[in-house]
Amino acid sequence: MNYKRIDLHMHSLFSDGELLPSELARRALVLGHEAIAITDHVDYSNINTIPEISAAIDDINNNWDITVVLGAEITHAPVESIPDLADKARELGAKIVVVHGETLNEPVVEGTNFAAVNCKEIDILGHPGLITKEEAELAKKNDVALEISARKGHCLGNGHVANIAREVGNDLLIDTDTHSPDNLITFERAFEIGLGAGMTEEEVLKATVENPRKILKRHGINL
């Protein structure tokens with residue numbers, strides 16, 4: 001396939017990733033990525049650090065043929081705090097705001113999915129695990145995309161998420177939640193992960209090409 005990869009959920013060493021923003025972008029570029037979002041983990045302890053990588057992102061965008069977008073992932077925060085954290089992330093310059101959903105792989109606070117899909121400032125509910133139909137309907141209403149995850153452990157709910165999204169009509173994305181160099185994948189691998197989750201080829205193309213572009217365009221980023 002001749003499509004380039006877009007991944008809107010990645011981490012640098014400014015949270016728990018292993019790579020500087022520049023190395024993350026360089027590795028993504030070599031693997032055929034058109035755009036990535038660096039969405040480091042935040043709660044109230046560190047949310048003010050979001051702008052710290054802005055200069056590096058500007059430098060990359062000015063010099064390399066890849067679009068890097070500043071973002072944040074609200075992670076393991078009290079559900080009551082999610083709307084305010086999302087607002088704060090926007091104020092600090094985050095274009096892509098992800099919430100760390102109720103993955104089957106971690107003890108995420110119950111109600112996190114519900115709080116995320118009720119918040120119009122959220123772009124993506126990451127690895128939402130056993131998301132309910134009610135939550136999926138709210139996500140659709142509020143333009144919150146649901147994630148099919150390439151990450152070990154988080155991927156356990158992919159089939160359920162794909163089925164719910166098909167029933168409700170949610171926008172899906174296929175993201176890696178990259179933390180280390182070996183987490184990055186090609187477009188072809190992302191396509192396989194979507195098919196493995198039970199998605200049709202048409203659904204996978206929407207999740208890998210159309211839907212991430214739609215989110216970026218909503219925030220003034222045209223690829």
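**Pockets, strands and cores in a predicted model**

Modeller: About 180 Å³ of space lies in the largest pocket. Bear in mind that this is a predicted model.

Colleague: What makes a space a pocket and not a cavity?

Modeller: The way out decides. In a cavity, a 1.4 Å probe fits but cannot get out, whereas a pocket is open. The space of about 180 Å³ is counted as a pocket, so by that rule it is an open set.

Colleague: Which residues line the largest pocket?

Modeller: Among them are Ala 162, Ala 165, Arg 166, Leu 172, Met 199, Glu 203 and Lys 206. Helices H6 and H8 (201-218) each supply at least two residues of this lining. The largest share is four residues, and H8 provides it.

Colleague: How many cavities of 30 Å³ or more are there?

Modeller: One. The largest cavity has a volume of about 90 Å³. Its lining includes Phe 14, Asp 40, His 41, Val 42, Leu 70, Gly 71 and Ala 72. Strands S3 and S4 each supply at least two lining residues. S4 gives the most, with three.

Colleague: Let's stay with S4. Why is strand S4 called largely enclosed?

Modeller: Count its buried residues. Buried means under 20% relative accessible area. Seven of the eight residues in S4 (residues 67-74) are buried, so the rest of the structure largely encloses this strand.

Colleague: How do you know that S2 and S4 pair?

Modeller: Pairing needs at least two bridges. S2 (residues 33-38) and S4 have four, in the parallel sense, so they count as paired. Ile 36 has Val 68 as its bridge partner in S4, and Ile 38 stands opposite Leu 70.

Colleague: What joins S3 to S4?

Modeller: Two bridges, with S3 (residues 41-42) and S4 running parallel. The cut-off is at least two, so two bridges are enough to call this a pair. His 41 has Glu 73 as its bridge partner in S4. S4 also pairs with S5 (residues 96-100), in the parallel sense, over four bridges. There Gly 71 has Ile 96 as its partner.

Colleague: What makes a crossover right-handed?

Modeller: Point the strands away from you. If the path from the first strand over the helix to the second runs clockwise, the crossover is right-handed. S3, H2 (residues 54-63) and S4 make a right-handed β-α-β unit. S4, H3 (residues 82-91) and S5 make a right-handed unit too.

Colleague: What makes a set of residues a nonpolar core?

Modeller: The residues must be buried, of the listed nonpolar types, and joined through side-chain atoms within 4.5 Å. The largest such core has 58 residues. Ile 36, Ile 74, Ile 122 and Ile 148 have the most contacts inside it. H6 (residues 158-168) gives the most to this core, with five residues. A second, separate core has 13 residues, including Leu 173, Ile 215, Leu 216 and Ile 221.

Colleague: What is Ile 74 in contact with, leaving aside its neighbours within four places in sequence?

Modeller: Its contacts include Val 42, Ile 82, Leu 85, Val 97, Val 99 and Ile 122. In soluble globular proteins, nonpolar side chains tend to be buried together.

Colleague: Which residues of S8 point one way and which the other way?

Modeller: From S8 (residues 172-175), Leu 172 and Ile 174 point one way. Leu 173 and Asp 175 point the other way, and all are buried. Four bridges join S7 (residues 145-149) to S8, and the two run parallel. Ser 149 stands opposite Asp 175. S7, H6 and S8 make a right-handed β-α-β unit.

Definitions and conventions: Residues are numbered from 1 along each chain as its sequence is written. This is a predicted model: local features need pLDDT of at least 70, side-chain atom pairs count only at pLDDT 80 or more; totals for chains, interfaces and linings use all residues. Side-chain values use heavy atoms; hydrogens and water are left out. Buried means under 20% relative accessible area, exposed over 50%, partly exposed in between (1.4 Å probe, protein chains only). Contact means heavy atoms within 4.5 Å. On a 1 Å grid over the protein atoms alone, a cavity is a set of points where a 1.4 Å probe fits but cannot get out, and a pocket is an open set with protein on both sides within 12 Å along at least five of seven lines; lining residues have an atom within 4 Å of a point. Grid points are joined across faces, edges and corners, and a volume is the space filled by probe spheres set on the points.
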